[in-house]
Amino acid sequence: MKVEERLLKYISYWTTSDENNTNIPTSDREFTLARELEQELVSLGLSKVTMTDHCYVYGLLPATAGMESKKAIGFIAHMDTAPDYSGENVKPQVIPDYDGKDVLLKGSGAYLKVSDFSTLAGLKGRTLITTDGTTLLGADDKAGIAVILTAIEQIIAENIPHGDIWVGFTPDEEVGMGADLFDLDYFKADYAYTIDGDYEGEVAYENFNAASAVFEITGVNVHPGEAKDIMINAALVACEIASMLPDEETPAHTSGREGFYHLTDMSGDVASAKLSYIIRDHDKDIFESRLNRLRTIEVEINQKYGAGTVSLDIRHSYENMLSVIEQVPYVVDLAREAISACGLEPISRPVRGGTDGARLSFMGLPCPNLGAGGYGFHGPYEHVTVEGMETSVKIVKELAAHPAE
C-alpha cells in the first residue's frame, strides 16, 4: 500500500484526545484506529503484536539471519490528534503538481497562504494534501504512522537485512500522556525514533522543558452599591495576574530557544476565575525561574487581597531530552547518516514543543524525533506532501538496514 493511501485511511478515523480526561486513553474513540493498526501489524507478519487495555499497540519484526546481534531499533508514532481543533469528519484536498501558490480550502473559504507558511513555495511540483478548512488534517501524527508501516512493508517485500525492529503506536501524545504507560519491559528496543514532525530531513533531540500552571481565584461578591472596601472581583484579579507577566514572552513574540508563558484559557466572573497557562523553555534554569515567577505572583496577590484569594497549581509535563541524548550521540549520528544517504542535508533545530520521545528518553529509551513531511499542525492549515512522506519512508528503511552495533 502506498504511504498516501495509508494516510488517507488513517485520517478518516476520529481520534482526538480529551485534555479534560485523566484516563488513558483519554477517549475511547482512539481504540478505533488502534484496532486497525493491530490488525495491520498482524497482516504484515510481525510477531508479539498486541493492543493493550490502555490503547498502546506494539509489534516486532524479528531480525533477519546474521543480524541478531545488532542493537534493536524502535519506531514510534502517536494515534491521537490535538484537541485544539476538530479532528472529526476530515475532508482532505489532494492537489497533484502543486503550483506553489495560495490554496483555497473549499470547506471554509479560507486560504492556505504562502505568506503565512514560507515553506509552501518549496513544495511546488509535489502532491500536496491539505484540509478543506473545517478540521485539522491529522498528519500529526498519522503521517508518522503511515511512514512507519509503509517502511516495514517495503523492508519485508525487498528482503532488506535488519536487526530487531520494534513498532509502537501511542495514544494521548497531544495531551502530554503518550509515554505514561509505554511498556519498556515489552518494547525491547535499545534506541528508537519518534516519527512526528515537519521537514523530512530533520532529526530533533532538543525540546522544551514544559509545565502547566493554573491560577484559581476566589473573589468576594457583594452588591456593587455596597461594594466599597469589601468586593474582590475575581475576574479583575485574573486580569491583574495576566498583566504581571511580560507581553514579549508569549508564543507570538518568541522563536528558536526562547521560552514563553502561554495563556491557553481564561474564564470567570466576580465570584471566581481561572487562568490556565503552559510554561516552556529550553534552558532548565530559566524554566525554573519562570515557575518561580508564577509562585511570586501567587504570594503577592494573596498579600494584596488576603490569604486564599489565589491558589497556584503547577504540574511538570516533560523535560528537554538533550541531556539524555548527549550521553548516546550515536542515535543522532545514525539518523544523520540515514538522512544524508537519502540525498538530504540533515537539519537539527530546537523543537518548540515536545514528543513522546522526550519522556521515553528519560525513561531509559533514547528517542530523538524524525520529521514526516508535515507542516501547520493543530489547525485547519495543516498540510503534508506525498513526496515528503516517501522520503521519510526511505530514511526509516536506511535506519533499519544499518542498526547500531
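I took contact to mean heavy atoms within 4.5 Å. The model is a predicted one.

**Tyr193 and the cores.** I looked up Tyr193 and set aside its neighbours within four places in sequence. Its contacts include Ile73, Phe75, Val331, Leu334, Pro368 and Leu399. I then listed the largest nonpolar core, which has 60 residues. Tyr193 is among the members that touch the most others, along with Phe75, Met79, Ile145, Phe169, Ile195 and Leu399. Helix α3 (residues 139-157) gives this core its largest share, ten residues. I also found a second, separate core of 23 residues, with Ala234, Val237, Leu294 and Val310 among them.

**Helix α4.** Which residues of α4 (234-243) are buried? I found Ala234, Val237, Ala238 and Ile241. They lie on the same side of α4, because they cover an arc of only 105° around the axis. Leu236 and Ser243, on the other side, are exposed. I traced the packing of the buried residues to β11 (209-218), β12 (260-268), β13 (272-281), α5 (284-305) and β14 (310-318). At the N-terminal end, Asn233 caps α4, with a side-chain oxygen 3.0 Å from the backbone nitrogen of Ala235.

**Backbone checks.** I noted a cis peptide bond between Ile24 and Pro25, with omega about 0°. Pro25 sits in the loop between α1 (3-10) and α2 (30-44). Another cis peptide bond joins Asp140 and Asp141, with omega about 10°; Asp141 lies in helix α3. Lys48 is not a glycine, yet its phi is positive, about 50°. Lys48 belongs to strand β1 (residues 47-51). I also recorded a positive phi near 65° for Asp229, in the loop between β11 and α4. Is Asp229 buried or exposed? It is exposed, because its relative accessible area is 76% and exposed means over 50%.

Key: Residues are numbered from 1 along each chain as its sequence is written. This is a predicted model: local features need pLDDT of at least 70, side-chain atom pairs count only at pLDDT 80 or more; totals for chains, interfaces and linings use all residues. Side-chain values use heavy atoms; hydrogens and water are left out. Buried means under 20% relative accessible area, exposed over 50%, partly exposed in between (1.4 Å probe, protein chains only). Helices (H or I, at least four residues) and strands (E, at least two) are DSSP runs, numbered from the N terminus. The arc is that of the directions from the helix axis to the C-beta atoms. A polar contact is a pair of N or O atoms within 3.5 Å; within protein, one must be able to donate a hydrogen and the other to accept it, and residues adjacent in sequence count only if both atoms are side-chain atoms. A nonpolar core is a set of buried Ala, Val, Leu, Ile, Met, Phe, Trp, Tyr and Cys residues joined through side-chain atoms within 4.5 Å.
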